[in-house]
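Colleague: I'm new to this one. Can you take me through the aromatic rings and then the helix packing?
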Amino acid sequence: MSDQNRLSVFKTYKLYVGGKFPRSESGRVYEVTDSKGNWLANAPLSSRKDARDAVVAARKAFGGWAGATAYNRGQILYRVAEMLEGRKAQFVREVAEAEGLSKTKAADQVDATIDRWVWYAGWTDKIAQVIGGANPVAGPYFNLSSPEPTGVVVVLAPQESSFLGLVSVVAPVIATGNTAIVIASEKAPLPALSLGEVLATSDVPGGVVNVLSGRTAEIAAPLAAHQDVNAIDLAGADDVLAKELEIAAADNLKRVLRPQPVDEVDWSATPGIDRLTAFLETKTVWHPTGSLGASGSSY
């Protein structure tokens with residue numbers, strides 16, 4: 001059959017929740033267009049029920065992921081980078097269409113994104129040495145501090161940087177043992193939905209990362225108020241939405257990472273460890289020495 005007579009097979013994009021690919025519970029979709037307004041695909045329009053399902057999946061996965069060794073998490077994240085490398089051509093096309101970039105510039109963006117993932121993978125077994133350790137105290141005991149993951153983190157992906165910005169906010173969350181619910185860029189969700197396919201074919205356990213697409217404000221509102229969500233990264237929220245979500249999050253004292261002004265964000269810059277430490281808690285252990293015995297206490 002000649003190419004002229006062949007019908008194209010259009011891709012059906014789906015959500016990624018609990019390691020599976022459901023359509024939105026509502027059955028709704030919305031049109032995704034390129035930078036020139038041309039139709040690219042229909043993306044799922046997530047509902048509140050989808051958001052609640054993602055929280056359940058993230059909570060279920062948290063114990064096993066947080067309990068894995070930091071070295072093992074690093075190996076798994078590196079495997080994701082390997083899979084991204086193998087699907088580079090697809091992401092170059094999606095980034096070029098989403099952001100109106102040339103193929104060359106989109107390829108540079110994808111290369112930087114893969115490198116960013118590797119960078120965070122390398123930090124999994126090092127961050128504890130940087131921010132933890134023995135504390136100088138007076139008395140017959142040791143005082144040691146070590147970081148632990150916060151829990152279930154909602155991440156609002158940046159609206160403009162569809163892939164590099166996305167990975168820059170997701171990778172540090174899971175590198176430190178948290179589980180994530182990602183709200184993809186509303187205008188350019190396809191790279192995020194495709195990332196779910198990469199995660200599913202790597203070694204990341206189902207539920208560690210859950211990807212939702214749709215209207216950012218509609219999905220984020222119930223997640224910010226959800227009692228089983230521990231933290232929220234507002235990277236992709238504008239000033240008005242960020243204020244509303246921060247108020248909603250205060251109901252059960254969530255940890256909130258406020259967004260930076262858009263004109264001050266450079267996702268291509270080498271990141272520090274701020275996003276790694278943003279969703280870590282510090283556990284301090286007191287252990288007596290000498291004649292006080294072998295028991296200890298912590299808080």
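Modeller: One term before we start: buried means under 20% relative accessible area, exposed over 50%, and partly exposed in between. Also, this is a predicted model.

Colleague: Okay. Is Trp 119 buried, exposed or partly exposed, then?
Modeller: Trp 119 has a relative accessible area of 27%, so Trp 119 is partly exposed.

Colleague: Which rings does Trp 119 cluster with?
Modeller: Ring pairs link Trp 119 with Tyr 120 and Trp 123. The pair of Trp 119 and Trp 123 is tilted, with 55 degrees between the planes and 5.8 Å from centre to centre.

Colleague: How many aromatic pairs are there in the whole structure?
Modeller: The search finds four. One of them is Phe 91 with Phe 163, which counts as stacked because the planes are at 5 degrees, with the centres 4.5 Å apart.

Colleague: Where do Phe 91 and Phe 163 lie?
Modeller: Phe 91 is in helix α3, and Phe 163 is in the loop between β5 and α6, so the pair ties together parts 72 residues apart in sequence. Both Phe 91 and Phe 163 are buried.

Colleague: Switching to charges. What lies over the face of Tyr 30?
Modeller: Arg 215, at 4.6 Å from the ring centre. Likewise, the charged end of Arg 59 sits over the ring of Phe 62, 5.7 Å from its centre.

Colleague: Now helices. How do α2 and α4 cross?
Modeller: Their axes come within 8 Å and cross at roughly 170 degrees. Angles over 145 count as roughly antiparallel, so α2 and α4 are roughly antiparallel.

Colleague: Which residues make the contact?
Modeller: Among them are Leu 77 and Leu 84 of α2, and Ile 114 and Val 118 of α4. The contact residues divide into nine nonpolar, one polar and one charged.

Note on methods:
Residues numbered from 1 in each chain as written. Predicted model: local features only at pLDDT ≥ 70, side-chain atom pairs only at ≥ 80, totals over all residues. Heavy atoms only, no water. Phe/Tyr/Trp six-rings, centres within 6.5 Å; stacked < 30°, edge-to-face > 60°. Helix = DSSP H or I, 4+ residues; strand = E, 2+ residues; numbered from the N terminus. Buried < 20%, exposed > 50% of the residue type's maximum accessible area, 1.4 Å probe, protein only. Lys NZ or Arg CZ within 6 Å of the ring centre and 35° of its normal. Axes fitted to C-alpha atoms, helices over the stretch in contact; angles between N-to-C directions. Parallel < 35°, antiparallel > 145°, perpendicular 65-115°, else oblique. Contact = heavy atoms within 4.5 Å. Nonpolar A, V, L, I, M, F, W, Y, C, P; charged D, E, K, R; others polar.
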